[in-house]
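Opening the notebook on a new model today. I want the overall picture, then a few residues.

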Amino acid sequence: MTLRKRYLRNIMKNKSFYICAILLTTFIGVLYLGFAANASKFKKEIDDYYKDKCIEDGQFTVVDEISDEDISSLEKQYDIVLERQKYIDYEKNDKTIRILSDMKKINKTIFIKGQEPKKDGEIIINTCYMKKNKINANDKISIFDKKYTVLGDMERPDYLFMIKDTSDTFAIKDKFGIAIVSDETFKSIEEEKGLTGVYYSIIYNKNNANDVRININEKYHMLSYLKADSNTRITTLPLEIEKTVNMFNIIIPVFVFFIGIIIAVVLGRKIKNERKQIGVLLALGYKKRSIAIHYTFYGVMVSFIGGLLGILGGPLDRKSTRLNSSHT
């Protein structure tokens with residue numbers, strides 16, 4: 001009975017330490033659970049986004065152009081989705097806007113604010129480039145000496161990491177951006193300025209990637225092939241989330257370790273200062289095991305209360321996320 005009476009008396013005597021230790025443990029619990037919830041939610045958003053917008057399984061270039069008729073034939077023969085991607089780069093003052101032909105089946109555009117360009121003289125640009133260059137909806141910008149009205153901003157799943165070339169390492173967000181114009185406008189620019197590049201994006205509905213690649217190489221002489229999981233434009237954002245989670249999983253145990261050290265030091269001093277009382281308790285017949293459990297309780301109490309409050313408070317830290325290239 002004597003040991004139980006000591007609990008409240010000792011806690012009240014050192015209440016500032018216990019309150020701080022519990023708050024610190026609670027903070028770490030809230031931080032970890034909140035981060036884990038957001039990371040899990042963000043990863044699910046990316047997976048859903050890629051699936052909904054039909055992210056490519058790969059892209060390739062060929063020597064001989066694949067006609068629309070041949071594309072349809074290959075799709076039926078191999079149960080694939082194949083689409084041609086054209087682009088024209090507009091470069092001025094060390095900045096590049098890549099005008100992409102709007103793909104209908106693969107790597108579909110998401111219009112965040114604004115709508116798909118339908119008329120000549122309309123354009124929509126990726127979010128990050130607009131922010132970095134302070135471009136707003138309804139602004140006028142000049143491309144190839146022609147004025148275009150900016151309808152708003154958009155994103156493409158194959159350009160979430162905004163790099164000009166897939167071999168680039170860094171995304172210079174104010175120097176490179178992508179844009180979509182109407183199909184008619186794109187054709188007129190193509191006729192006047194010519195294409196910068198052409199490649200083909202592909203989605204496999206069956207496990208027949210090797211057969212498809214062999215066939216395309218034999219008929220159209222494939223120059224290059226890039227898998228989606230090797231395309232840094234696609235993989236960088238998920239990898240950054242994974243790296244951050246791994247780093248956080250290292251940092252949190254370190255915090256917990258230091259809290260444990262602090263509690264152990266304080267309890268060690270407490271035991272040292274109460275050697276006489278411990279001697280009296282032993283003389284009264286208390287076992288060493290009972291006394292050890294008594295002092296262990298103080299550390300367990302802090303961990304239990306702090307952990308419980310952290311679990312209860314964790315869901316409050318969950319924040320909504322919006323997927324766009326500004327994350328990278």
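Below are my entries, from the whole chain down to single residues.

**Ground rules.** I am working with a predicted model, where local features need pLDDT of at least 70, side-chain atom pairs count only at pLDDT 80 or more, and totals for chains, interfaces and linings use all residues. Residues are numbered from 1 along each chain as its sequence is written, and side-chain values use heavy atoms, with hydrogens and water left out.

**Overall.** I found nine helices and ten strands in the protein; these are DSSP runs (helices H or I, at least four residues; strands E, at least two), numbered from the N terminus. The radius of gyration is 31 Å, well over the 20 Å the globule rule gives for 328 residues, so the protein is more spread out than a compact globule. That radius is taken over C-alpha atoms, and the rule is 2.2 Å times the number of residues to the power 0.38. I also noted the box that the C-alpha atoms fill along the principal axes: roughly 100 × 50 × 30 Å.

**Burial.** Of the 328 residues, 43% are buried (under 20% relative accessible area; exposed is over 50%, partly exposed in between, with a 1.4 Å probe and protein chains only).

**Asn 10.** I placed Asn 10 in helix H1 (residues 2–13). Buried or exposed? Asn 10 is buried, at 6% relative accessible area. Beyond its neighbours within four places in sequence, its contacts (heavy atoms within 4.5 Å) are Tyr 18, Lys 270, Glu 274, His 294 and Tyr 298. I also checked Leu 223: 213 residues from Asn 10 in sequence, and 77 Å away, C-alpha to C-alpha.

**Lys 105.** Lys 105 is in the loop between strand E3 (95–100) and strand E4 (110–113). At 34% relative accessibility, I logged Lys 105 as partly exposed. Setting aside neighbours within four places in sequence, Lys 105 has contacts that include Cys 54, Glu 75 and Glu 83. Ala 179 is 74 residues from Lys 105 along the chain, with 18 Å between their C-alpha atoms.
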